[in-house]
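Here are my notes on the model you passed along. Have it open while you go through them.

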Amino acid sequence: MSLTKSFKREKPTGNFDVILIGSGPGSFTAASLLSRVAGKRVLILEKHYTPGGFTHVFKRRGFEWDVGIHYLGEFHREKGMSGRLMRYLCDDQLRWEELGEVYDKIIFGQEVYEFKKGIDNFKDTLKGYFPEEQEAIDRYIDLVYQLQFAARDFFMEKALSGIPRRLASRRMRKDFLALSGKSTLEVLRSLTDNQKLIGVLTGQYGDYGLTPGQSSFAMHAMVVKHYLNGACFPVGGCEQIFETIAKPIIDTGSEIFTNAAVEEIILSDGKCKGVRMEDGSEWFAPAVISGAGIHNTFRKLVKESFKDQEAYSEQIEALNASASHIALYLGFEESSESLGLERPNFWIYPEHGYDHDHNLNRYLEDPEVDFPMIYVSFPSAKDPDWPRRYPGKSTVDVITMAPYTWFKPWEGTRWMKRGEDYEAFKEKLSKRLLDKIFEYLPQLKGKVAHYELSTPLSTHNFCSYAQGEIYGIEHTPERFKSPILRPHTPIKNLFLTGQDIVTCGIGGAMLSGVITASAMQKKNLLKGII
Ligand SMILES: Cc1cc2nc3c(=O)[nH]c(=O)nc-3n(C[C@H](O)[C@H](O)[C@H](O)COP(=O)(O)OP(=O)(O)OC[C@H]3O[C@@H](n4cnc5c(N)ncnc54)[C@H](O)[C@@H]3O)c2cc1C
């Protein structure tokens with residue numbers, strides 16, 4: 001039985017305490033805590049026909065691909081907040097499979113650097129590659145942990161409001177801001193001038209979508225730390241995440257709708273009252289949470305004026321959208337085993353291309369040059385349940401950066417009907433990506449049974465990010481200084497959640513759900529459940 005209902009066929013029944021816009025990890029975490037811990041009846045409204053935000057999968061021609069999850073850290077661990085929170089949310093119904101000792105392979109031409117599970121293992125492997133950089137590697141990991149430690153207070157401050165916030169804010173933010181205010185490159189250059197080491201250490205930069213010269217060291221450090229204890233993948237595929245978390249929410253009498261696009265957030269006397277849907281129907285509740293991203297919320301959904309609008313809007317305009325991507329989804333009529341597909345991800349960079357900023361700038365100026373980064377994931381090899389669900393088949397995901405401007409000429413066209421020139425452009429990009437991955441996986445050549453390329457227009461179409469951005473607001477040093485990326489908004493009863501409030505990544509977005517629900521209830525809802 002489906003846990004969600006289609007808004008096209010059915011409508012919500014009864015009264016709700018909270019309406020949530022979007023069903024991504026921020027929203028479903030807040031919905032779970034508010035319904036199960038705080039006893040609220042919640043209504044989740046999701047625009048897409050599939051729930052879960054970027055945790056959703058799509059199925060075509062007998063294959064299944066993940067859209068916005070390729071690997072996760074921490075959730076497989078018995079200890080630690082993330083694992084315990086996840087176990088509570090899914091009622092202990094979700095199993096995780098580890099990727100193994102090696103989770104990422106950072107590749108420059110034919111040089112391969114492995115990232116291995118466990119702090120000592122990770123450090124020792126890197127010291128093996130760079131024996132003259134032992135001290136820099138130790139100091140680097142110390143800084144990653146220093147940042148992680150400071151992050152706890154920094155993010156928890158976001159749940160505060162009024163006098164407690166005024167009293168505690170400076171103290172809770174200052175240690176984090178001291179490091180987040182610097183770029184990743186700035187911090188790494190203070191440790192070493194070895195460009196090759198810097199290139200390797202930042203080999204996961206695609207996980208937050210910003211090169212070392214642009215990204216905040218805070219974002220870099222949090223991603224590094226997230227995977228240091230190994231990486232995992234949900235058994236049964238990524239749709240299990242939403243499925244297992246939604247069930248206990250529904251059991252409280254709450255409701256979840258897909259095909260439910262919110263058109264406007266209704267204000268009255270400057271207070272939020274509810275939402276107006278694309279079909280014109282209106283739904284009311286004492287509180288509304290938007291998990292659709294701060295730009296979407298304030299540029300598209302809030303249409304009436306509100307208190308302090310000018311100053312707030314200026315701060316919103318100072319926040320830029322993150323980069324956008326193309327993804328090539330490949331299907332094979334052979335098992336992962338017979339194709340020799342492994343679990344670790346490949347991060348492929350140009351030969352000797354240790355300067356990621358240079359590679360990206362060159363590519364943006366001339367798209368014909370080498371791709372600045374190609375990420376390759378092997379979902380069918382990661383999921384131990386895959387052979388049962390899709391016997392004799394396998395899939396590979398290939399991702400690289402691609403600016404929205406390349407696809408702007410087709411803005412406003414309809415999905416699957418964007419025209420021959422669009423298809424020809426996609427075909428050219430697909431062929432280039434295929435040629436590249438055949439260099440590293442020659443056994444796949446001649447065996448591709450299905451391929452299709454998603455573009456930033458697909459991300460716009462299915463997840464509503466205006467520029468097809470991959471990770472919401474970009475993770476620069478400025479982002480972390482912004483005072484508005486928090487649950488409270490200037491509009492009474494309207495709250496924000498999702499990756500813009502904490503950081504991108506399922507872990508970051510789920511923490512935002514905890515923070516938003518706690519801010520609304522004025523108490524830490526994690527206490528007692530983990
Ligand atoms: C290609 C890609 C790969 C990724 N890989 C990983 C990974 O391996 N590991 C990891 O941890 N993270 C990964 N991420 C990041 C992660 O998926 C996101 O950071 C996370 O899903 C963001 O969660 P969110 O709560 O902000 O909501 P989102 O997942 O962004 O969902 C927001 C939802 O709101 C809905 N919505 C928007 N407007 C409306 C409206 N008007 N009415 C109703 N609904 C609306 C959208 O349709 C969407 O479903 C990846 C992301 C991408 C794009």
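1. Ground rules. This is a predicted model, in which local features need pLDDT of at least 70 and side-chain atom pairs count only at pLDDT 80 or more, while totals for chains, interfaces and linings use all residues. Residues are numbered from 1 along each chain as its sequence is written, and side-chain values use heavy atoms, with hydrogens and water left out.

2. Around the ligand. The shell has 37 residues, and Gly-26, Glu-46, His-70, Tyr-465 and Gln-499 come nearest; a residue is near a molecule if one of its heavy atoms lies within 4 Å of it. By type, the shell divides into 23 nonpolar, twelve polar and two charged residues.

3. Contacts and cover. Which parts of the protein meet the ligand's oxygen atoms? On the side-chain side, an N or O atom of Glu-46 is 2.7 Å from an oxygen atom of the ligand. From the backbone, an N or O atom of Gly-68 lies 2.8 Å from a ligand oxygen, and a backbone N or O atom of Gly-505 also lies 2.8 Å from one. The ligand taken alone exposes 1,000 Å², of which the protein buries 97% (accessible areas come from the Shrake-Rupley method with a 1.4 Å probe; for residues, only the protein chains shown count as cover).

4. Where the shell comes from. Helix H1 (25-37), helix H17 (456-463) and helix H19 (506-521) are the elements that give two or more residues to the shell around the ligand. Helices here are DSSP runs of H or I with at least four residues, strands are runs of E with at least two, and both are numbered from the N terminus. The ligand lies between domain 1 (5-94 + 235-318 + 482-521) and domain 3 (322-463), because both give residues to its shell; the domain bounds come from an automatic or database domain assignment.

5. Two phi values to look at. Most residues other than glycine have a negative phi. Glu-74 has a positive one, near 70 degrees, and sits in the loop between strand S6 (72-73) and helix H2 (81-89). Asp-91, not a glycine either, has a positive phi of about 55 degrees and is placed in the loop between H2 and strand S7 (96-98). Buried or partly exposed? Glu-74 is buried, at a relative accessible area of 8%, whereas Asp-91 is partly exposed at 43% (buried means under 20% relative accessible area, exposed over 50%, partly exposed in between, with a 1.4 Å probe and protein chains only).

6. Aromatics. The whole structure holds 38 aromatic pairs. Rings of Phe, Tyr and Trp (its six-membered ring) pair if their centres lie within 6.5 Å; planes under 30 degrees apart count as stacked, over 60 as edge-to-face and the rest as tilted. Phe-7 and Trp-283 make an edge-to-face pair, because their ring centres are 6.2 Å apart and their planes are at 80 degrees. This pair links distant parts of the chain, 276 residues apart: Phe-7 is in the loop between strand S1 (5-6) and strand S2 (18-21), and Trp-283 is in strand S14 (residues 282-284). Phe-7 is buried at 4%, and Trp-283 is buried at 17%. Elsewhere, one aromatic cluster is formed by Tyr-71, Tyr-103, Phe-115, Phe-122, Tyr-227, Trp-347 and Tyr-375.

7. Ser-6. This residue lies in strand S1 and is buried, with 7% relative accessibility. A polar contact of 3.1 Å joins the side chains of Ser-6 and Asn-259. Such a contact is a pair of N or O atoms within 3.5 Å; within protein, one must be able to donate a hydrogen and the other to accept it, and residues adjacent in sequence count only if both atoms are side-chain atoms.

8. Some separations to check. Pro-344, in the loop between helix H12 (336-339) and strand S17 (345-349), is buried at 8%. Ile-107, in strand S8 (residues 102-108), is buried at 3%; Ile-107 and Gly-237 are 130 residues apart in sequence and 27 Å apart from C-alpha to C-alpha.

Technical notes:
Nonpolar A, V, L, I, M, F, W, Y, C, P; charged D, E, K, R; others polar.
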